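Here is a short briefing for a first look at this structure.

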Amino acid sequence: MTQPSDKALVPFVSVANMMALVNSTGIETMLRDLAGYIEDDFKRWPEFDKTPRVASHSTDGVIELMPTADAENYGFKYVNGHPKNMKEGFQTVTAFGVLSSVANGYPLLLTEMTVLTALRTAATSALVGKYLAPKGARVMAMIGNGAQCEFQALAFKAICGIDTVRLYDIDPAAMGKAMRNLAGTGLTVMACKSGEEAIEGAQIITTCTADKQYATILTDNMVGSGVHINAIGGDCPGKTELHRDILLRSDIFVEYPPQTRIEGEIQQLDPDHPVTELWQVMRGETAGRSDPRQITLFDSVGFAIEDFSALRFIHDRIQGTEFFDQLDMLADPDDPRDLFGMVGRAA
């Protein structure tokens, strides 16, 4: 059988190669560099095609497609969110993605995005923290210690300079896991007995819980002035983490309002409640944190441009390395019109 031509091959980054790339690069360097790509793309936000993700909801969870494109490339991510999965031995979130050429439609990259989504979510959170967190913030409360926890902690260390993380989860095993994984990272890590204890002395509060329900992870009396809230757990209709009164006291920053108003914490508010788009903050067109006593809230739901940035980052990073395989993915007949003949000759 003849070998596939170069036009038939698409670089594929497996989970094993993604982990090897992270470990070869160093996770904090990886998070900083990825955040740079995300920031660059936020600063050219108007150049992208933008649409809320296409979501298929069920009683068990959600499956989503997240597409976007600029003038040169098209990218999409397939991702699920099934909170019950952990009890059955499956990941709550899995994903893969494709980056393609707009010029000819050919895929340039196929990659796992379960690990990569965790990296890009953490990198985005800390990038936003760079603009919104109180100056000199050193302590972060991390409420919800599941799969995203350690990535968040290390991103805020690498990008925002935090040195202390106060952990709380209703599952002591999750806290124990996070304590072990963060040992030796240079962070001071403390296990707390409640959410209230976790936020004591914290300038940054990150909430990242998984249940698909209206929840109150933070009550109004838990949040004082001058903090930055990084709310990443509420990311679909019917799933929130913050008491509504916290939102009314906060300056709210979002990725893409048409999506966040459906999926984010602000689904609890009136459809015209004022919010600030982050790309405008990063371009210097509007203010981020402007008062030491201000409560800033990043109502994070994840948007396709962040995944596009991550795909672009990985495509660039694997060049000249061994951290990918060539996948025989595209038919390439000698005569582009003779696809049938190619199949016949293969017999």
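H2 passes H10 in a right-handed crossing (right-handed if the near helix is turned clockwise from the far one by less than a right angle, left-handed if anticlockwise). Helices (H or I, at least four residues) and strands (E, at least two) are DSSP runs, numbered from the N terminus. This is a predicted model, in which local features need pLDDT of at least 70 and side-chain atom pairs count only at pLDDT 80 or more, while totals for chains, interfaces and linings use all residues. Residues are numbered from 1 along each chain as its sequence is written, and side-chain values use heavy atoms, with hydrogens and water left out.

**H2 and H10**

- The axes of H2 (residues 27-42) and H10 (residues 304-317) come within 9 Å and cross at roughly 125°. Axes are lines fitted to C-alpha atoms, for helices over the stretch in contact, and angles run from 0 to 180 degrees between N-to-C directions.
- H2 and H10 are therefore oblique to each other (under 35 degrees is roughly parallel, over 145 roughly antiparallel, 65 to 115 roughly perpendicular, the rest oblique).
- Residues of H2, including Met30, Leu34 and Tyr37, meet residues of H10, including Ile305, Phe308 and Phe313. Contact means heavy atoms within 4.5 Å.
- The residues of this contact divide into ten nonpolar, one polar and seven charged. Ala, Val, Leu, Ile, Met, Phe, Trp, Tyr, Cys and Pro count as nonpolar, Asp, Glu, Lys and Arg as charged, and the others, Gly among them, as polar.

**H3 and H4**

- The axes of H3 (residues 114-132) and H4 (residues 149-160) come within 8 Å and cross at roughly 40°.
- That makes H3 oblique to H4.
- The crossing of these two helices, H3 and H4, is right-handed.
- Among the contact residues are Ala118, Leu119 and Ala122 of H3, with Phe151, Ala155 and Ile159 of H4.
- Eleven nonpolar, four polar and one charged residue make up the contact of H3 with H4.

**Arginine 44**

- Arginine 44 sits in the loop between H2 and strand E2 (54-57).
- Its relative accessibility is 19%, so arginine 44 counts as buried (under 20% relative accessible area; exposed is over 50%, partly exposed in between, with a 1.4 Å probe and protein chains only).
- Beyond residues up to four places away in sequence, arginine 44 touches Asp70, Arg283, Phe308 and Arg312.

**Isoleucine 266**

- Isoleucine 266 lies in the loop between helix H8 (257-263) and strand E15 (276-277).
- Isoleucine 266 is buried, at 2% relative accessible area.
- Isoleucine 266 and leucine 247 are 19 residues apart in sequence and 7.5 Å apart in space, C-alpha to C-alpha.
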